[in-house]
Each structure stands twice: as structure tokens, then as C-alpha cells.
Amino acid sequence: MARWDPGAEQRLKRAALELYLERGYDNVTVTDIAERAGLTRRSYFRYFPDKREVLFAGSERLPPALAEAVLSADPDAAPITAALDALARVGAQLVEYVDGAAERRAVIDASPELQERERTKTAAITEAVRDALMQRQVNSGTAELVAQLATVACTNAFRRWIEAKGDASFGSCLDAVTAELRAALAGM
């Protein structure tokens, strides 16, 4: 097995996803993933700290990217507009790099442990958006509420984008969710 093999990280991600779909997350080991990818267990740990993080690699870059996008939004934009525009910009870039999104979603949905990790990722996104809104001089209560609403909208849009299987852009899915959210709030 190769020690420093080009493409090893991508092979590990693909192998993990395939195995999780075949056997279920709980029935797969790091050794199984490494062997499927044609690498050693030690090589696996050069890229990922555990078998869970192979599905979440790179997610730590999302909160800072969103915070930056919120901060660079039109200074006159309402907080919800700044947050949703930021999520639309970053989300559109993100989906270009998502491979196996529907399969990844299915694996996460089938595992309480992975669902918890997904909630942790979502909380980090919400916190980053909230903190960026507060830097834009939005009061903390409003910033928290707007960040939560925007994150929920983004999560729903991402799920719709997955379900559309390429027939809709992420932006159009977010627009649809945003319109539904606005209509629901207007009816209060």
C-alpha cells in the first residue's frame, strides 16, 4: 500500500461513504475504510481523527466563510437579508464541491451519532452568523433570532437541493424556502 498516495483523502472519503451505505455507520471500522481505499490505518489517521470526521472534513471552514460573507454584505441590508445573502453566496460555492450529497445525507440520517455531529456543525454556523451580525451592530437578541432563522432556511434549502438531484440550483432552493418563511411570518 502506498504511503503518500495522491488522491488518498478523496479515496478515503469515497470508501467511507460506500461502506457506511453498505453496512451502516456503526458496522464500519477505520481499518475497513483504509483497506477499501487501498491504504493503511495509519494513513487514514493522517487525514481524519476518527471515522466520523471523514464525512465532515472541511466543515470547520464554513463558519468563518459565512461570517466573512455576512460582514461583507451591503451595510444597509436588513439583518435577515445580510444573513440570507451570505448563506446564498457561500452555499452556492459549497454545493459545487459536494460529492455524494444524497448518500452522505442518508448516512447521517441513519445514525444518531452523526446527527449529533451535524447539529454541532449547524450550531457553529449559527454562532458565526450571529457574531457577524453583532459586529454589524445588530443587538444580540435580534442577531440570535436572525442567525437561527437563516440557518434553518439554509438547512432546508440544502435538503431541497439534494432532493432536486441537479434539477434546481441551491440559490433557487434557498429562494423558495425564504419565500415560504416570509409568507409564514407574514401570516402571524
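Okay, let's start with helix H1, residues 8-23, and helix H6, residues 101-109: they pack at about 50°, with their axes 10 Å apart. That makes H1 oblique to H6, oblique being what's left once angles under 35 degrees are called roughly parallel, over 145 roughly antiparallel and 65 to 115 roughly perpendicular. The axes are lines fitted to C-alpha atoms over the stretch in contact, and the angles run from 0 to 180 degrees between N-to-C directions. Helices here are DSSP runs of H or I, at least four residues, numbered from the N terminus.

Quick caveat: this is a predicted model, where local features need pLDDT of at least 70 and side-chain atom pairs 80 or more, while totals for chains, interfaces and linings use all residues. Residues are numbered from 1 along each chain as its sequence is written, and side-chain values use heavy atoms, without hydrogens or water.

Now, who touches whom? On H1 the contact uses Leu-17, Tyr-20 and Leu-21, and on H6 it uses Glu-103, Arg-104, Ala-106 and Val-107; contact means heavy atoms within 4.5 Å.

Next pair: H4, residues 62-71, packs against H7, residues 112-135, at about 25°, with axes 8 Å apart. So H4 is roughly parallel to H7. Among the contact residues are Leu-66 and Val-70 of H4, plus Ala-128 and Val-129 of H7.

Last stop, Asp-32, which sits in helix H2, residues 30-37. What does Asp-32 touch, leaving out residues up to four places away in sequence? Leu-19, Arg-23 and Asn-27. Also, a polar atom of the Asp-32 side chain lies 2.9 Å from the backbone nitrogen of Thr-29.

How values were computed: Helices (H or I, at least four residues) and strands (E, at least two) are DSSP runs, numbered from the N terminus. A polar contact is a pair of N or O atoms within 3.5 Å; within protein, one must be able to donate a hydrogen and the other to accept it, and residues adjacent in sequence count only if both atoms are side-chain atoms.
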